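Colleague: I am new to this structure. Could you take me through a few of its strands and residues?

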Amino acid sequence: VRIPIRIDADRIDADKLYLLPMKIIKSTPCPISANADSVVLIKLKMVNAFSGTYTMTGKETPVNEDGTLDHAAEMSINITRTLTATSKNTVRMFERTSDEESSGLGDNGIVLTVGSDGKSVTVSPCDKLQVVEGSGKGSFKVVEETNGTRNRSFNIEYDYINANGKRMRVNVTLDSSE
């Protein structure tokens, strides 16, 4: 079951394991045995309004020296991504070419920060990924469907320098339904 607990997220590392010990002192209708341990350990998971599993679709296009796009060398993107909360309005994820392993996050992670308007998004590197400064932008929206589902969607675009030193433009949509 989900239990909302407020914590100081600035002091929490989203990639570390935290356990919260809780002692059961009363239970209805089942009594607590005097001989049994009534302490449970609860694993904490950072979530916010933007975290979760998303399907990433779009394209990655090489950028020529003159700033034009090389559409002939364009690559399609269709992959599942996990967006992990790092603060109230920020999530981080692996960029499209990387496996989702925490050991590679520093070199391959991007951060999506949703603005105070709840719609505008900025894209920045987690650590070492060479996102071209000022290139990361996007939007976020939520659509409530009549059948009770809620669709969340990021549309983002950013340029980065790949391992071969080539500037690439990523233009993708991240969709999640719940």
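Modeller: A residue is called buried when its relative accessible area is under 20%, and exposed when that area is over 50%. Keep in mind that this is a predicted model.

Colleague: Does Asp-159 count as buried or exposed?

Modeller: Asp-159 belongs to strand β10, residues 150-161. The cut-off for buried is under 20%. The relative accessibility of Asp-159 is 2%, so Asp-159 counts as buried.

Colleague: With which side chain does the side chain of Asp-159 make a polar contact?

Modeller: Apart from neighbours within four places in sequence, Asp-159 is in contact with several residues, among them Val-63, Gln-130, Ser-135, Arg-167 and Arg-169. A polar contact needs a pair of N or O atoms within 3.5 Å. At 2.7 Å, the side-chain partner of Asp-159 is Arg-169.

Colleague: Why is strand β6 largely enclosed by the rest of the structure?

Modeller: Strand β6 covers residues 109-114. It pairs in the antiparallel sense with strand β5, residues 90-94, over five bridges, and Phe-94 stands opposite Gly-109. Strand β6 is largely enclosed because, of its six residues, the number buried is five.

Colleague: Which residue in β7 is the bridge partner of Ile-110?

Modeller: Strands β6 and β7 run antiparallel and are joined by five bridges. Strand β7 spans residues 120-125. Within β7, the partner of Ile-110 is Pro-125.

Colleague: Which residue takes a positive phi in the hairpin of β6 and β7?

Modeller: Five residues lie between the two strands of this hairpin. The positive phi is near 75 degrees, and the residue that takes it is Gly-118.

Methods:
Residues are numbered from 1 along each chain as its sequence is written. This is a predicted model: local features need pLDDT of at least 70, side-chain atom pairs count only at pLDDT 80 or more; totals for chains, interfaces and linings use all residues. Side-chain values use heavy atoms; hydrogens and water are left out. Buried means under 20% relative accessible area, exposed over 50%, partly exposed in between (1.4 Å probe, protein chains only). Helices (H or I, at least four residues) and strands (E, at least two) are DSSP runs, numbered from the N terminus. Two strands pair if DSSP finds at least two bridges between them. A polar contact is a pair of N or O atoms within 3.5 Å; within protein, one must be able to donate a hydrogen and the other to accept it, and residues adjacent in sequence count only if both atoms are side-chain atoms. Contact means heavy atoms within 4.5 Å.
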